[in-house]
Amino acid sequence: MLAPILLFVYNRPQHVVDAVNSLLTNKEAVDSDLIVYSDAAKTDNDSDAVNEVRQYVHSINGFASVTIIERYENWGLARNIIDGVTTNVNQRGRVIVLEDDLVVSPYFLKFMNDALEVYKDEPRVGHIQACDYTGCLSLPTTFLIKWTGSWGWATWDRAWSHFNPDGKVLLQEIMDKKLNRKFDFDGTYRYTRMLRRQTEGKNNSWAIRWNASLFLADILSLNVGRSLVSNSGFDGTGTNCGSGGLFHSTLWMDPLPVEKLPMIEENAYARKIMAKYYHRHFSFWPKVKRRLKRTLRGDFGA
């Protein structure tokens, strides 16, 4: 059974074209249902681009079916994803999720569907993540980690049932159990701060709440050590992504076999690699250097 593909789009027509074209390089696309969620324009300035995206998505073919859901008011990414994933996992039991700025390998759909099948009855695995931006070739091709990436992912209804949209409850539990340092990869990346800012209305991230929900439930993610997804959204065009190449990933253009790992436990080496990556790029001095470089070239973004 091939999982339905949920594609969330907004106002970047070329990114949507690239995402769809990359999906069509997967031989499984012809037998997969594509469900496109098109958000409405937030301001009049976005209307033309949103209409261009909608005109394009109505021309998509090459999938088993194409369903287009057009919002009549601006929902924002978080509300769209929460609603779209909830609706479809309840109906189909499993989903593959993409945003419009993601380009995938020709073997992405095979990997995701194989992983969903292999781990379908493993309650401690709740998330499949197909993007690796560490570039560390010493990582195994697949590994388990207590962290959920949001660029090209999949899940099941049994795992999504753990999702808690209430960031305040999640944050309180993390703090009460003194898990914030582990949640932050030993203090190398401020995921707790991201969650706190969500509770304060300073961001509307669904991903940090999904990450925290599975983290607190002690549920692992199957991750890849060879990236089947590349994020093209860090070109300054995105609503939620700034410019910069910190999370660049090179697409792995070969098959990535899925065999169930013998031990369902977090890979300690992979956690160290992630922590080293975050420390190398997000500790104080690397951030200062990046800010200076951006300022010198006239980029005053966040």
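Modeller: Happy to! The structure holds one cavity of 30 Å³ or more. Here a cavity is a set of points on a 1 Å grid over the protein atoms alone where a 1.4 Å probe fits but cannot get out, and lining residues have an atom within 4 Å of a point. Rolling a probe the size of a water molecule over the atoms shows where empty space is left. The volume of the largest cavity is about 50 Å³, taken as the space filled by probe spheres set on the points, with grid points joined across faces, edges and corners.

Before the details, please keep in mind that this is a predicted model, in which local features need pLDDT of at least 70, side-chain atom pairs count only at pLDDT 80 or more, and totals for chains, interfaces and linings use all residues. Residues are numbered from 1 along each chain as its sequence is written, and side-chain values use heavy atoms, with hydrogens and water left out.

Now to the lining: Cys131, Asp132, Tyr133, Phe143, Trp147, Asn223, Val224 and Met274 surround the largest cavity. By class that gives six nonpolar, one polar and one charged residues, where Ala, Val, Leu, Ile, Met, Phe, Trp, Tyr, Cys and Pro count as nonpolar, Asp, Glu, Lys and Arg as charged, and the others, Gly among them, as polar.

Ser249 connects to this lining, as its contacts (heavy atoms within 4.5 Å) include Cys131, Asp132 and Tyr133. Leaving aside neighbours within four places in sequence, Ser249 also contacts Ser227, Val229, Ser230 and Asn231. Ser249 is found in the loop between β10 (229–231) and α10; helices (H or I, at least four residues) and strands (E, at least two) are DSSP runs, numbered from the N terminus. Its relative accessible area of 4% makes Ser249 buried, a word that means under 20%, with exposed over 50% and partly exposed in between (1.4 Å probe, protein chains only).

Strand β6 (residues 125–129) holds Ile128, which is buried because its relative accessibility is 0%. Not counting residues up to four places away in sequence, Ile128 touches Phe111, Met112, Ala115, Leu116, Gly152, Trp153, Ala154, Trp156 and Leu222. For one of these, Ala154, the C-alpha atom is 5.0 Å from that of Ile128, although the two are 26 residues apart along the chain.

Helix α10 (268–282) is among the elements covering the buried residues of α8, along with α6 (167–176), α7 (180–183) and α9 (206–216). Those buried residues of α8 (residues 191–199) are Tyr191, Thr192, Leu195 and Gln198. They share one side of α8 because they cover an arc of only 120° around the axis, the arc being that of the directions from the helix axis to the C-beta atoms. Just after α8, Gly201 has a positive phi of about 80°.

Two residues other than glycine also have positive phi. Lys178, at about 55°, sits in the loop between α6 and α7 and is exposed, with a relative accessible area of 69%. Asp218, with phi near 60°, belongs to the loop between α9 and β9 (220–224) and is partly exposed at 35%.

Conventions: On a 1 Å grid over the protein atoms alone, a cavity is a set of points where a 1.4 Å probe fits but cannot get out, and a pocket is an open set with protein on both sides within 12 Å along at least five of seven lines; lining residues have an atom within 4 Å of a point.
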